[in-house]
Amino acid sequence: MMPPADRRYTDTHEWALPQPDGTVLVGVTHSGQEMLGDVVFAGEAKPGARVAAGDAMALLESVKAAVDVHAPVAGEVLAFNPALEDNPALVNEMPWDTWIVRLRPADPSLPPGPLDAAAYAALAAG
């Protein structure tokens, strides 16, 4: 399955979707949620926190493990998706449509993640 071409990706299975207002929505890829298993908790994102690319900025817990959601670029955490507080399984059910964190990039001229869809597809295929 080819990942959506409208976003960028990290090697830790996050996607980053640029928004018209200059912010970036960050979620977990289909491959990432499959590796994680059934998500039972999502949280710990702190609006106002400044993060460097690669920093942990939220937490997902599943029946298998707990993993950090990493920032694809440096910036400021603006929001955590409130829908995940009541229904963290959205990460599994709709990984391409469920954002976890809204981020304001420190440098909007940079791409919001190191990998394009083709590069991420090759990485995810192993």
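Me: How is the accessibility of Phe41 to be read: is the residue buried, partly exposed or exposed?

Reply: Buried means under 20% relative accessible area, exposed over 50%, and partly exposed in between, with a 1.4 Å probe and protein chains only. Phe41 has 32% relative accessibility and therefore counts as partly exposed. The model is predicted: local features need pLDDT of at least 70, side-chain atom pairs count only at pLDDT 80 or more, and totals for chains, interfaces and linings use all residues. Residues are numbered from 1 along each chain as its sequence is written, and side-chain values use heavy atoms, with hydrogens and water left out.

Me: In which strand is Phe41 placed, and what is the order of the strands in the open sheet?

Reply: Strands (E, at least two residues) and helices (H or I, at least four) are DSSP runs, numbered from the N terminus; two strands pair if DSSP finds at least two bridges between them. Phe41 lies in strand β4, residues 39–43. The open sheet has three strands in the order β4-β6-β7, with antiparallel pairing. Because β4 and β7 (66–70) stand at the edges with a single partner strand each, one side of each is left without a neighbour in the sheet. Strand β6 (residues 56–62) pairs with β7 over five bridges, and Ala58 stands opposite Val69 in β7.

Me: How is a pair of aromatic rings described?

Reply: Such a pair is described by the distance of the centres and the angle of the planes. Rings of Phe, Tyr and Trp (its six-membered ring) pair if their centres lie within 6.5 Å; planes under 30 degrees apart count as stacked, over 60 as edge-to-face and the rest as tilted. This structure holds two aromatic pairs. The ring centres of Tyr9 and Trp96 are 6.1 Å apart and the planes are at 85°, so this pair is edge-to-face. Tyr9 and Tyr120 are stacked, at 4.9 Å centre to centre with 20° between the planes.

Me: Where in the chain do Tyr9 and Tyr120 lie?

Reply: Tyr9 is in strand β1 and Tyr120 in helix α4 (residues 117–125), 111 residues apart. Both Tyr9 and Tyr120 are buried.
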